[in-house]
Amino acid sequence: MYDTVDLKLIPNEKGIDLIEHVGQFLTSVTNFNNSHGDYWIIGNLKNLKVIVNGSYVKIKDNSLCKFVHDNNYSNLTINDTKLAIEEISDHLNLPMKNALVQRVDFGANIILDHPVEAYLPYLGEYGHFKRLEQVNGLYYKVNNKMSCFYNKIKELKDHRHFVPDYLKDKYLLRYEMRYLKGLNKEFNRELIASQLYDEAFFELLVERWKLNYFKIKKVNNMIMKLKPTGSKIEFRNNLALLALLSEGQSAIIKQINEWQALGDITKKQAFDLRQLTKSLGEKTLLERNSLIDELSEKIENYNPY
């Protein structure tokens, strides 16, 4: 389930010329220096980008999955991750299992019954995360963390990557958690590479991955038909539900935020209106949301082993 992983190793060995030592194992090496006298190199280890200066080695902006499987759609197991770290260590003749983990993307591909784009509008607000609609998906961002949902097949085609035959006719959702930096605060400890293939830590990430999804407010599938009622209050609420479905929850919340920014309403009034909008989005007129039910069930039952 791992994808992009950033590692930084500061070797304990004294007197080693790190640039010379690592540089001999890299291809397509480029040299860099600046006006302060700093010198470093960037090269490739297979499809990994490696940055080296006099004091550390960085593996940055690389997919461990692609390093192991030569693609980023296969599932990277605990054992695959262990083998990847060991292979990098062997190639560089360095103990990369001791490297600090500075970023980790953790996710899975979910095969759906319908096009990915049909599900995303029903993923609503998520706590303090900022909801960001993208051309190819939906992202939630707060501080140094992101939750990402996107069409994996479209991403592969957009980057002109190979799509295997068994996936060509599938609707494939990629859902992942991205811990971009500050992992020591996120996990209350310095995270080193060997912990990536520790079973307890792996299971913790799986649990977080599932829990983050279920914390997202879901917008129920509301039928464009008024439910019979003799209650003026219920009738008014049903009209509000229809308006919410027509405009979209995110569009309504965006409009409220604009009113607040322009000074048309107070901060407290804006908060109350956003809460009302979110609570309406959790109600339904006639039926459950079969799309969300399907997605929730597949994430809940996902087995990474």
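**Exercise 1. Classify glutamate 87 by its accessibility, and then find the partner of its side chain.**

Solution. With a relative accessible area of 28%, glutamate 87 is partly exposed, a class that lies between buried (under 20% relative accessible area) and exposed (over 50%), computed with a 1.4 Å probe on protein chains only. The structure is a predicted model, in which local features need pLDDT of at least 70 and side-chain atom pairs count only at pLDDT 80 or more, whereas totals for chains, interfaces and linings use all residues. Residues are numbered from 1 along each chain as its sequence is written, and side-chain values use heavy atoms, with hydrogens and water left out.

The next step is the partner. The side chain of glutamate 87 meets that of lysine 46 in a salt bridge, at 3.2 Å from N to O; the term stands for a side-chain nitrogen of Lys or Arg within 4 Å of a carboxyl oxygen of Asp or Glu. This pair links distant parts of the chain, 41 residues apart, since lysine 46 sits in the loop between strand E3 (39-45) and strand E4 (48-52) and glutamate 87 in helix H3 (residues 78-92). Helices (H or I, at least four residues) and strands (E, at least two) are DSSP runs, numbered from the N terminus. Lysine 46 is also partly exposed, at a relative accessible area of 47%.

**Exercise 2. Work out whether the length of helix H7 agrees with its residue count, and where its buried residues lie.**

Solution. The expected span is 1.5 Å times one less than the number of residues. For the 16 residues of H7 (residues 232-247) this should come to 22 Å, and the end C-alpha atoms are 23 Å apart, which agrees.

The buried residues of H7 are Asn238, Leu241, Leu242 and Leu244. Seen down the helix axis, they fall within an arc of 160 degrees, so they line one face of H7; the arc is that of the directions from the helix axis to the C-beta atoms. On the other side of H7 the exposed residues are Lys232, Ile233, Arg236, Ser246 and Glu247. Just after H7, glycine 248 takes a positive phi of about 95 degrees.

**Exercise 3. Identify the residues that touch the most other members of the largest nonpolar core, and list the contacts of tyrosine 2.**

Solution. A nonpolar core is a set of buried Ala, Val, Leu, Ile, Met, Phe, Trp, Tyr and Cys residues joined through side-chain atoms within 4.5 Å. The largest one has 68 residues, of which Tyr2, Met96 and Trp209 touch the most other members. Neighbours within four places in sequence aside, tyrosine 2 is in contact (heavy atoms within 4.5 Å) with residues including Cys65, Leu76, Val104, Asp105, Phe106 and Leu205. Apart from this core lies another, of six residues, among them Tyr73, Ile153, Val163 and Leu172.

**Exercise 4. State which residues of H10 are buried and what they pack against.**

Solution. Leu291, Ile292, Glu294, Leu295, Ser296 and Ile299 are buried in H10. The buried residues of this helix pack against E6, E10 and helix H6 (199-215). For the protein as a whole, buried residues make up 46% of the 305 residues, and the secondary structure comes to 10 helices and 10 strands.
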